[in-house]
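Good morning, and thank you for making time for this presentation. I ask you to keep the sequence and the structure in view while I speak.

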Amino acid sequence: MERLLTDLRFAARSLVKSPGFAIATILTLALGIGANTAIFSLINGVLLEPLPYRDGERLVLLRQSAPKADVENLAFSIQEVYDYRDLNQSLSGLVEHHSMQFTLLRREEPERVSTGVVSSEFFDVLGVTPIVGRTFRPEDDDLGAEPVLILSHGYWQRSFGGDDTIIGQTFEMNDKPHTVVGVLPPIPQFPTEHDVYMPTQACPFRAAGERGMAENRSAFRAITAFGRLKDKMNLDQAQADFSAIASRFEQDYPETYPSEAGLELSVGALQNELTKTARPTLLILLATSALVLLIACANVVNLAVARLMRRDREMAVRTAMGAGRGRLVQQSIVESTMLSLIGGGLGLLLAYLGLDLLTAFTARFTTRAVGIDIDARVLLFTFAVSVTTGLVVAIAPALSSGLNLATALRDGGHTTAHRGRLQMRSLLIAGQVAVAVVLLVCAGLMLRSLFKLQEVQPGYQTESVLMARLSVNWTRYQNPEDGQRFFSALLPRLREIPGVMSAGVGSGRPLSGAPPATTGFRIENIPIEEGQLAPQVATRVASPDFFSAMGIPLLKGRSFTETDHNESAAVGVINRSLAAQYWRDTDPIGQRV
């Protein structure tokens with residue numbers, strides 16, 4: 001210990017005499033270690049930390065698909081959720097979830113809130129305990145029950161400032177009073193972040209679907225299903241269990257699940273589902289930051305070799321006074337480790353300062369971004385990287401060549417030792433340039449791709465086009481005719497605004513990322529072969545001026561007019577790719593589907 005303290009004091013005095021070398025080394029290592037610490041904090045919070053749920057490794061996500069019909073994700077209907085819940089032997093609980101957008105009233109301003117509609121036992125199956133209030137109860141899911149709400153932690157903080165007295169407060173939604181009964185802890189939400197949660201029967205669309213499911217097994221096909229494995233059950237057993245149930249559905253309900261569609265059900269770990277989108281990006285970032293640290297180490301080793309070349313006479317004197325090679329290397333290790341630990345501390349500070357930005361970036365890929373933090377594992381990683389870097393920086397120069405005592409004392413060693421170290425510096429510089437070129441080429445390709453994406457014509461006008469998202473009160477606009485009357489009154493008033501050339505309305509904007517509605521279709525006089533499903537087409541609803549307002553050019557035929565309504569002949573507009581796929585050299589104008 002005494003020898004270590006002596007080496008520390010000597011290293012401190014030596015570095016004070018070389019402030020330029022010390023500052024350059026610390027800053028270089030801080031950038032390299034800081035980048036790795038920041039990326040590792042993402043890896044740790046998203047990929048390594050267990051789910052913040054009770055026995056999170058036993059939570060599973062169910063997925064339906066129809067691969068023969070090219071449907072990768074077939075949402076569950078209400079009846080399917082009930083049947084899978086009753087028939088399976090592998091889950092201790094199976095719950096449902098779907099997303100809605102509702103307007104919350106009785107605040108200073110009406111607020112559009114993202115709403116998760118879930119089974120009453122949803123949070124119990126996940127193993128989540130509210131930090132304030134309670135979760136849903138079975139009676140909350142009864143028809144006619146008083147509507148209740150649970151707030152997400154983020155929404156509670158943003159809109160109510162973390163006020164504990166929120167429990168019991170009442171807000172209006174869908175023309176009904178909803179009472180707040182609980183607040184969730186800061187946990188990752190799946191499949192999306194929500195502001196509030198409500199029981200299934202409080203959703204007017206879900207309740208209407210349940211009333212019609214006796215006549216239509218596919219009523220309200222918009223549900224995601226979760227479950228918790230029973231004790232001593234694993235994923236393979238659950239997969240076999242649910243696959244057998246899906247096969248039974250095909251046999252019992254051939255009109256709903258035709259064999260040519262090929263119904264399949266998969267059971268996957270929820271943790272993998274939460275991170276599968278983010279995993280490739282985070283691993284690429286980790287590899288990139290490791291290369292950055294490699295360049296930083298090479299830079300520092302070069303600085304250390306250059307400094308060592310000027311200290312040959314000092315080293316020769318110490319050797320002549322009895323210091324062995326091991327003792328000199330030990331002193332070098334102490335000095336380099338001191339620098340790397342200081343650089344690691346500064347890098348940790350840089351990582352902490354950039355954590356919010358990185359968290360916001362990661363939140364685009366996974367809801368697990370809420371778990372990103374600088375914890376003990378990240379601190380241990382930073383310490384390990386700092387110590388390892390210090391060892392590399394210390395040992396690499398010592399291996400460059402031996403020290404000839406007589407030569408060093410005579411002329412500073414400008415022969416054998418310097419020649420070996422110059423060769424090492426040349427190799428380090430070549431390695432730095434090689435790695436830097438790789439990183440620069442990758443960065444250049446990414447920038448070029450970004451510029452190319454900016455130049456792609458999306459097929460509609462992007463300049464001087466404004467968009468507004470409207471969330472009407474669902475209870476007052478329950479059918480298409482009600483919505484049509486609303487927009488028929490709204491659009492003329494929008495067109496009267498000075499500067500507005502055209503105004504239209506549609507069920508979605510292009511490239512929004514939201515999946516459109518799909519339906520099967522058949523072209524007149526073109527039969528569908530036996531055993532084949534009808535082709536699927538994505539559909540949206542649009543007003544007559546939608547295309548002109550969006551600047552979408554019309555290649556053939558006409559757009560919609562005011563004479564196209566419920567009582568007139570049904571008409572539609574198709575895009576160029578659909579025309580090329582199904583009509584090829586035939587003019588599709590006037591054809592019927």
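I shall go through the cores, the aromatic pairs, a surface patch, and then several individual residues.

Please bear in mind that what you see is a predicted model.

Let me begin with the interior. In soluble globular proteins, nonpolar side chains tend to be buried together. Here, the largest nonpolar core comprises 24 residues. Those with the most contacts inside this core are Leu 62, Phe 76, Tyr 84, Leu 94, Phe 242, Leu 265 and Val 267. Which elements give two or more residues to this core? They are the strands E1 (59-66), E3 (91-104), E10 (224-229) and E11 (264-269), together with the helices H3 (78-87) and H7 (235-252). Of these, H7 gives the most, with five residues.

I turn now to the aromatic rings. A pair of aromatic rings is described by the distance of the centres and the angle of the planes. The count for this model comes to 19 aromatic pairs. In one of them, the rings of Phe 122 and Phe 123 have centres 5.2 Å apart and planes at 90°, so the pair is edge-to-face. Are these two residues buried or exposed? Phe 122 has a relative accessibility of 2% and therefore counts as buried; Phe 123, at 1%, is likewise buried.

Phe 122 also forms an edge-to-face pair with Phe 226, at 5.7 Å centre to centre and with 85° between the planes. This pair links distant parts of the chain: Phe 122 belongs to helix H4 (residues 122-126) and Phe 226 to strand E10, 104 residues apart. Phe 226 counts as buried because its relative accessibility is 3%, and the cut-off for that term is under 20%.

Ring pairs also link Phe 76, Tyr 84, Phe 242, Phe 249, Tyr 253 and Tyr 257 into a cluster.

Next, the surface. Which residues make the nonpolar surface patch of about 550 Å²? They are Leu 31, Leu 349, Leu 350, Tyr 352 and Leu 353. Helix H11 (residues 325-353) gives the most to this patch, with four residues. Leu 31, by contrast, is placed in helix H2 (residues 19-48). With a relative accessible area of 58%, Leu 31 is exposed, because the term applies to values over 50%.

Another leucine, Leu 293, is found in helix H9 (residues 279-310). Its relative accessibility is 12%, so Leu 293 counts as buried. The C-alpha atoms of Leu 293 and Leu 29 are separated by 7.5 Å, although the two residues are 264 residues apart along the chain. Not counting residues up to four places away in sequence, Leu 293 touches Gly 32, Ile 33, Asn 36, Val 385 and Thr 389.

I come now to the backbone and the loops. Most residues other than glycine have a negative phi, and most peptide bonds are trans. Phe 220 has a positive phi of about 55° although it is not a glycine. Phe 220 is placed in the loop between helix H6 (204-212) and E10. Asn 216 lies in the loop between H6 and E10 and is partly exposed, with a relative accessible area of 38%. The C-alpha atoms of Asn 216 and Thr 256, 40 residues apart along the chain, are separated by 9.2 Å.

Ser 464 likewise is not a glycine, and has a positive phi of about 60°. Ser 464 is found in the loop between helix H15 (416-455) and helix H16 (480-495), and at 77% relative accessibility it counts as exposed.

Finally, consider Ser 543, in the loop between strand E13 (536-539) and helix H17 (546-550). Is this serine buried or exposed? Ser 543 counts as buried, at 9% relative accessibility. Beyond its neighbours within four places in sequence, Ser 543 is in contact with Leu 491, Gly 504, Val 505 and Phe 560.

Notes
Residues numbered from 1 in each chain as written. Predicted model: local features only at pLDDT ≥ 70, side-chain atom pairs only at ≥ 80, totals over all residues. Heavy atoms only, no water. Patch = residues over 30% accessible without salt bridge, like charges linked within 9 Å, V, L, I, M, F, W, Y side chains within 5 Å. Areas by Shrake-Rupley, 256 points an atom, 1.4 Å probe, with all protein chains shown as cover. Salt bridge = Lys/Arg side-chain N within 4 Å of Asp/Glu carboxyl O. Buried < 20%, exposed > 50% of the residue type's maximum accessible area, 1.4 Å probe, protein only. Contact = heavy atoms within 4.5 Å. Core = buried A, V, L, I, M, F, W, Y, C linked by side-chain atoms within 4.5 Å. Phe/Tyr/Trp six-rings, centres within 6.5 Å; stacked < 30°, edge-to-face > 60°.
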